[in-house]
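Here is a short briefing to read with the model open beside you. Take a look at the fold before going through the points below.

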Amino acid sequence: MVERLVGQLVDLASTGIDVSDFGNGPRPGGLRRMDAAGGWFYFLVAPRAPLIIVVRIMPPFDVL
């Protein structure tokens, strides 16, 4: 699930859309959180490179 969502973020970024505002976070361009199938993942967007860095993946709590 996370792999698919990150792939979609990469596709959007490749069309020129600024994805640094997607998800939840204290400010644009910083560490972002996005919900994914009951869990969530944290990611960073590199502003000068076509790069999205997944920092942490948290599965749903009932799976832990």
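Which residue just after α1 takes a positive phi? G16 does, with a phi of about 105°. Please keep in mind that this is a predicted model, in which local features need pLDDT of at least 70 and side-chain atom pairs count only at pLDDT 80 or more, while totals for chains, interfaces and linings use all residues. Residues are numbered from 1 along each chain as its sequence is written, and side-chain values use heavy atoms, with hydrogens and water left out.

**Helix α1**

- Helix α1 covers residues 2-14, and its 13 residues should span 18 Å at 1.5 Å a residue; the expected span is 1.5 Å times one less than the number of residues. The end C-alpha atoms are 18 Å apart, which agrees.
- V2, L5, V6 and L9 are the buried residues of α1, where buried means under 20% relative accessible area, exposed over 50% and partly exposed in between, with a 1.4 Å probe and protein chains only.

**Aromatic pairs**

- Rings of Phe, Tyr and Trp (its six-membered ring) pair if their centres lie within 6.5 Å; planes under 30 degrees apart count as stacked, over 60 as edge-to-face and the rest as tilted. By this rule there are 2 aromatic pairs.
- W40 and F61 have ring centres 5.5 Å apart and planes at 70°, so this pair is edge-to-face.
- Because W40 lies in strand β2 and F61 in the segment after β3, the pair ties together parts that are 21 residues apart in sequence.
- W40 is buried, at a relative accessible area of 17%, whereas F61 is exposed, at 56%.
- F41 and F43 make a tilted pair, with 5.6 Å centre to centre and 35° between the planes. Both F41 and F43 are buried.

**Charges around R33**

- A search of the whole structure finds 1 salt bridge, defined as a side-chain nitrogen of Lys or Arg within 4 Å of a carboxyl oxygen of Asp or Glu.
- R33 forms a salt bridge with D35, and the closest N and O atoms are 3.8 Å apart.
- R33 also lies over the face of W40, at 5.4 Å from the ring centre; a charge sits over a ring if NZ of Lys or CZ of Arg is within 6 Å of the ring centre and within 35 degrees of the ring normal.
- R33 counts as partly exposed, at 29% relative accessibility.

- R56 has its place in strand β3. Leaving aside neighbours within four places in sequence, R56 is in contact (heavy atoms within 4.5 Å) with W40, F41 and Y42.
- R56 and F41 are 15 residues apart in sequence, yet 5.6 Å apart in space, C-alpha to C-alpha.
- M58 is in strand β3 too, and counts as partly exposed at 24% relative accessibility.
- Not counting residues up to four places away in sequence, M58 touches G39 and W40.

Definitions and conventions. Helices (H or I, at least four residues) and strands (E, at least two) are DSSP runs, numbered from the N terminus.
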